[in-house]
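Welcome, and thanks for opening the viewer. Let's take a short walk from the whole chain down to a single pair of residues.

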Amino acid sequence: MKNYANMQTLNGLWDFTFVQAELSDTEICNIAMTDIVIVPGCFDAASKFFGKRGTGIYRREVRCSGKIQLEFQAIGLRARIFWDGKPVATIPWAFTPQSVVIDNPAEEACHQLTVAVENTFEQSDSAMYHPFYDFYAFGGIYRNVTLRELADTVWLDRIQVTPLSVAEGTADVAVFLAGAPEARPVKIYIDDILCAEETITGSGNAVCKVPAPAAPWTPENPVLHKIKVCTGNDFLETHFGLRTLSWNDGQLKLNGTPLKLIGYCRHDSHPETGYAISESRVLADMKLIKEQGCNFVRGSHYNQSEFLLDCCDRLGLLVWNESCGWGNKEEQCADPVFVQKQVEQSAIMVQETYNHPSIIMWGCMNELASDTPAGRNILEQIFKKFRELDQSRPVTFASNRRKADICYDLGDIISTNIYPGWYDEEIHFDDSDQVLPCLKDFEEYFSGEEFRNKPWIISEIGAAAIIGDHSGGRWSEEYQAKIIGNTMDFVLKSERCTGTALWLFANANTYFDAIHVMTRPRGFNNKGLLSEYRAPKLAWHLVSQIMKQKA
Ligand code: ADA
């Protein structure tokens with residue numbers, strides 16, 4: 001939760017129309033609205049625009065005065081923003097927050113806000129969303145839209161709270177102002193007590209002592225502290241947790257204690273609403289994971305919402321937050337515009353979600369061509385940016401290049417996506433016995449001199465199951481349960497393995513074209529341990545049972 005002074009939501013009903021023709025800016029701002037839709041929402045997830053590609057034009061009136069900041073938490077795939085008929089911003093990517101500052105006359109008035117959201121694919125290596133990504137490219141305004149009235153020439157942009165010592169209850173609070181480069185007095189309150197007061201220009205920081213009792217944040221007892229930063233009439237309030245991370249000797253530690261991560265990769269989607277998943281569904285999903293006894297969520301394959309991260313902060317779930325990429329080939333990794341955009345969206349992710357204690361690692365570029373020099377170069381660039389912005393968390397990427405990967409040395413954690421018993425095996429009726437030898441082989445490989453100091457995570461593993469298929473062969477609930485059971489057995493026993501994010505929490509929408517449906521029946525990635533409507537398969541019950549026994 002981030003709350004600023006004079007902030008209002010622009011969520012709700014907006015006017016809407018959908019076009020497939022290319023329109024000029026003037027045509028977009030004047031086109032007749034034929035429909036209404038809800039924001040946040042995906043216009044192509046259901047009803048009459050289901051499966052269509054084109055431009056969804058959203059429009060509404062906004063009453064405000066003076067200088068304002070509009071913030072779009074996430075749109076997809078790309079958007080152009082118009083204010084009173086004039087272009088004011090473009091958003092070139094999905095799942096990444098973006099804001100725009102607009103000057104208006106001081107008197108309160110009604111303004112017209114138009115957002116043209118495109119869900120067509122760009123045919124270029126520098127495109128940020130490719131049709132081969134294994135998650136459906138929904139179009140829409142996926143997450144919250146807010147408006148802030150900025151009363152002064154200088155306003156609060158963001159803060160970054162970095163816990164320093166859990167024992168001493170200290171944290172570094174960095175404050176970033178925006179607007180004119182003018183000095184401003186800033187006050188920092190933690191749990192309603194004034195902890196620091198400084199005059200800063202642009203940015204500044206203070207080491208603050210959290211007022212007693214300064215309780216640590218742990219998965220078992222996730223204590224949050226409130227923080228409010230004020231300057232003039234502006235304020236920003238949010239929360240943070242006192243916890244530290246370290247990674248060495250092949251282990252990932254939280255407050256000095258080694259972690260065993262057990263949980264899921266999850267798509268933040270639902271068949272009825274696409275990526276504009278309801279808050280009640282997100283909370284229910286996080287509770288399902290927590291109540292099962294798991295502690296880990298990999299936000300595959302894009303930046304997670306503020307709401308989901310708030311839930312994880314409150315429930316004590318540990319999150320891998322990753323910027324959007326999927327299976328990017330050598331050509332894309334070698335494209336300078338693609339590299340630049342990847343670095344930028346990754347930086348925004350870190351800055352926007354920095355204060356969430358639940359986030360324990362940054363990730364990017366799922367399954368990129370990490371066996372090529374171009375793949376190595378893009379990872380070097382993104383990791384450099386991650387580390388420039390945050391030295392308190394480890395960085396990683398999920399590799400599927402097995403022993404051909406040439407980038408394991410770059411990250412702080414080695415993460416491998418592997419599908420023994422599902423992909424890459426000979427066609428026997430049952431290959432589920434391949435799980436253990438395959439994982440043991442990796443365990444040995446990552447115990448070698450070169451790798452043994454880095455924690456190792458099995459960042460994806462699993463098998464598809466069609467709910468209700470009890471044949472025992474591939475695609476049955478039984479077969480999936482065997483793969484998952486064998487994996488859990490290995491991970492819980494292995495001292496080398498830091499944990500796993502099983503693929504996948506719940507079935508998730510992907511493509512239903514003629515080629516995809518052969519491996520993605522019904523247009524879903526069916527490797528969920530829950531169905532897309534969250535009905536449990538046998539593997540889910542098995543994990544519940546294993547975690548209960550472990551507890
Ligand atoms: C990959 C990928 C996932 C998903 C999975 C699968 O490892 O990272 O997004 O596509 O394979 O189901 O095949």
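Begin with the protein chain drawn as a cartoon: you will find nine helices and 35 strands. Keep in mind as you look around that this is a predicted model. The protein chain has a radius of gyration of 24 Å, close to the 24 Å that the globule rule gives for 551 residues, so it is as compact as a globular protein of that length.

Now colour the charged side chains. There are 52 positive and 71 negative ones, and the centres of the two sets lie 3 Å apart.

Time to zoom in on a sheet. Select the nine strands of the open sheet ordered β29-β28-β27-β26-β25-β33-β32-β31-β30, where the pairing is parallel. Which strands stand at the edges? They are β29 (395-396) and β30 (398-399); each has a single partner strand, so one side of each is left without a neighbour in the sheet.

For the last stop, pick residues 359-363, which form β28. This strand runs parallel to β29 and is joined to it by two bridges. Centre the view on G363, and opposite it in β29 you will see T396.

Note on methods. Residues numbered from 1 in each chain as written. Predicted model: local features only at pLDDT ≥ 70, side-chain atom pairs only at ≥ 80, totals over all residues. Heavy atoms only, no water. Helix = DSSP H or I, 4+ residues; strand = E, 2+ residues; numbered from the N terminus. Rg over C-alpha atoms; globule rule 2.2 N^0.38 Å. Lys, Arg positive; Asp, Glu negative; His and termini not counted. Charge placed at Lys NZ, Arg CZ, Asp CG, Glu CD. Pairing = 2+ DSSP bridges.
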